Amino acid sequence: MKKRVLLVDDEPRVRASLRTVLEPTYEILEAADAAEGLKSFKHDAPDLVLLDVILPGTDGLAALQTMRTENRAVPVIMLTGTKSVKTAVDAMKLGAADYLSKPFDVEELQIVIERTLGKQELEQEVRQLRAQVVQRYAFHNLIGKSPAMQEIYAKIEQVADSRTTVLVTGESGTGKELVAKAIHYNSARRERPFVALNCAALPETLIESELFGHEKGSFTDATARRVGQFELAHTGTLFLDEIGDLSAATQAKLLRVLQEREFTRVGGVQSIKVDVRIVAATNKNLDEMVRKNQFREDLYYRINVIALYLPPLRERGEDIALLAKHFLAKRIEEEKRPPQEFTKGSLELISHYPWPGNVREMENIIEQAFIWSKGSDVITPEHLPNILRTDTRSTSLRDDTLAGRLSLEKAVMEFEREIILDALKRTTYVQTHAAAMLGISRRMLKYRMDTLGISRPDNGVTPEPPLTQE
């Protein structure tokens, strides 16, 4: 589909000349004065405007000002027969995309229009991507209806628009970075950079350079100047994940940056001022680390202005099934697969599993189930990893034993029965293979099967040689 170009010029000869040059590539709209041009601008939705400065009645600069008020996304290139520098400066101040003097060089005109439209497309794409990112990390898109998550939403809403430092705590996999992004994208800094750094992922020799950058020649591998994460995050947000893993030396330098809002690159002498909002996160107990002199007390008070605690998934029972359905829907959308749902049995396993790896573990497990269930419209317990079945069953046996509903002897037998049955199913009831998996002899396996009342099904199972051949 051709781009629309609106020509606003009172000279018919100029409009005809421009139409001849541009019509093979663009759809051309024409207007002989500012009033007609503004009417077309509002109703015909051009992608670009070529606007003469000297027009009868309202002049081009006034028309430009109105157009920029109506729709700032549409670029306007000013045209004039004079070469007044002041006119050019005034036009650019009012928001003109470019400025061309008559008579036109045809090739220059085409290049300027093409470049301007290309820039407009890029800006539009950036706006769309930013809108998607803002929507993705809006605090209400954090999945959870539990009271704990409702409290997190409320706190994010309260602190987002301040520049206050926030410390997010919680076990690994609870979604601390997602909370940091929600804070950033709901703040006035949403159009500015969000930069994340995992402090635990970098060796001590590199962390300072990563944070503050370095000058060329400051150490052996410093072949060029490098801009650090603080500079990259200027006017935006810097997320320092696993801040409890920073060394004492780096903690001291970080404290200075937070206090002075300036730093020096490694090997440099010039102080660089930055405007950065810090959101830090850790899965460690910083209170205890401060007591043991493993974390600076003054830095702790600097980052712990606002504290947000993310509870583990096992304490958010109301959110487990909701999250599972969310991750399944996400994978279905990404892969363009037909709709799927969990069976009652699979949701029960998911709901009773303790999720030691929290939300991150759940997303990985739902992805596995999604892969194994290809071709099916439901996800059954068989599509879920064995750990959900064995862990859920062992938890149930433990609870029943401690509550006095089951004797220890029977609990042990039930647990043993579950393990042996699982091994047999995995090896399609080939006892030799199941015994090897369990690290026992086939004779011992057969004895335990008889004791526990486990029999080999007759349908579709290949018979094994007698035990005397073992």
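This is a predicted model: local features need pLDDT of at least 70, side-chain atom pairs count only at pLDDT 80 or more; totals for chains, interfaces and linings use all residues.

Trainee: Why is the pair of Y185 and F194 called tilted?

Mentor: The ring centres of Y185 and F194 are 6.3 Å apart, and rings pair if their centres lie within 6.5 Å. Their planes stand at 35°; planes under 30 degrees apart count as stacked and those over 60 as edge-to-face. The pair is therefore tilted. By this rule there are seven aromatic pairs.

Trainee: How do you know whether Y185 and F194 are buried or exposed?

Mentor: Buried means under 20% relative accessible area. Y185 has 14% relative accessibility and F194 has a relative accessible area of 17%, so Y185 counts as buried, and so does F194. Together with F239, Y185 and F194 form one aromatic cluster.

Trainee: How do you know that the buried residues of helix α1 line one face?

Mentor: The buried residues of α1 are V14, R15, L18, V21 and L22. Seen down the helix axis, they fall within an arc of 130°, so they line one face of α1. The face turned away from this buried side carries the exposed residues P12, R13 and T20.

Trainee: Why is the contact between R19 and E30 called a salt bridge?

Mentor: The closest N and O atoms of R19 and E30 are 2.6 Å apart, and the definition asks for a distance within 4 Å. R19 lies in helix α1 and E30 in strand β2, so the pair ties together parts that are 11 residues apart in sequence. R19, at 23% relative accessibility, counts as partly exposed.

Trainee: What makes K253 and E208 a further example?

Mentor: Their side chains meet in a salt bridge at 2.6 Å, N to O, and the limit is 4 Å. K253 is in helix α10 and E208 in helix α8, so parts 45 residues apart in sequence are tied together. The structure holds 33 salt bridges.

Technical notes: Residues are numbered from 1 along each chain as its sequence is written. Side-chain values use heavy atoms; hydrogens and water are left out. Rings of Phe, Tyr and Trp (its six-membered ring) pair if their centres lie within 6.5 Å; planes under 30 degrees apart count as stacked, over 60 as edge-to-face and the rest as tilted. Buried means under 20% relative accessible area, exposed over 50%, partly exposed in between (1.4 Å probe, protein chains only). Helices (H or I, at least four residues) and strands (E, at least two) are DSSP runs, numbered from the N terminus. The arc is that of the directions from the helix axis to the C-beta atoms.
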